[in-house]
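Hi everyone, thanks for making time this morning. Let's have a look at the structure together, and I'll keep it short.

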Amino acid sequence: IGLKDNLTVARTMAFSGLVFAQIFQALRLSLKRRRHLIKEAFDNKYLSLALIFSFILQLLVMFTSIGIKFFNLGVLKVNEFLLTILVGLMPIYIFIGERMYEKIFKRTSDI
């Protein structure tokens, strides 16, 4: 999708998508041991701070001139940035799918 504009935008989208996916993967692994996702999602204060710090740091890399020059990135449009976030959320989508799968088959296996 990023190649429609140029290689630099595609590289930026790929890099940012991987970074966001790793941030959300850390959240997913933390949530895996939790029963109540919404209530306990951010109980681990250190992990929450690390996730927020990583997210902000990635935004600084993507949207400051120093970060753009150092990492040889391009400037993303709003729709490209939102698509990058949505793709980066893939670990959370997988986690929700796993939870749904467990609930569906846990009910049927109890019969």
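Before we get to any residue, one definition: buried means under 20% relative accessible area, exposed means over 50%, and partly exposed is in between, with a 1.4 Å probe and protein chains only. This is a predicted model, where local features need pLDDT of at least 70, side-chain atom pairs count only at pLDDT 80 or more, and totals for chains, interfaces and linings use all residues. Residues are numbered from 1 along each chain as its sequence is written, and side-chain values use heavy atoms, with hydrogens and water left out.

So, where does E98 fall on that scale? E98 counts as partly exposed because its relative accessibility is 28%. You'll find E98 in helix 6, residues 90-109; helices here are DSSP runs of H or I with at least four residues, strands are runs of E with at least two, and both are numbered from the N terminus.

Which residues does E98 touch, leaving aside those up to four places away in sequence? They are R28 and K32, where contact means heavy atoms within 4.5 Å. K32 sits 66 residues from E98 in sequence, yet their C-alphas are 9.8 Å apart.

Now let's zoom out. The protein chain has six helices and zero strands. Of its 111 residues, 32% count as buried. Among contacts with a separation of 6 or more, 69% join residues 24 or more positions apart.

Last stop, helix 1: residues 7-31 make up its 25 residues, and its first and last C-alphas are 36 Å apart.

Technical notes: The expected span of a helix is 1.5 Å times one less than its number of residues.
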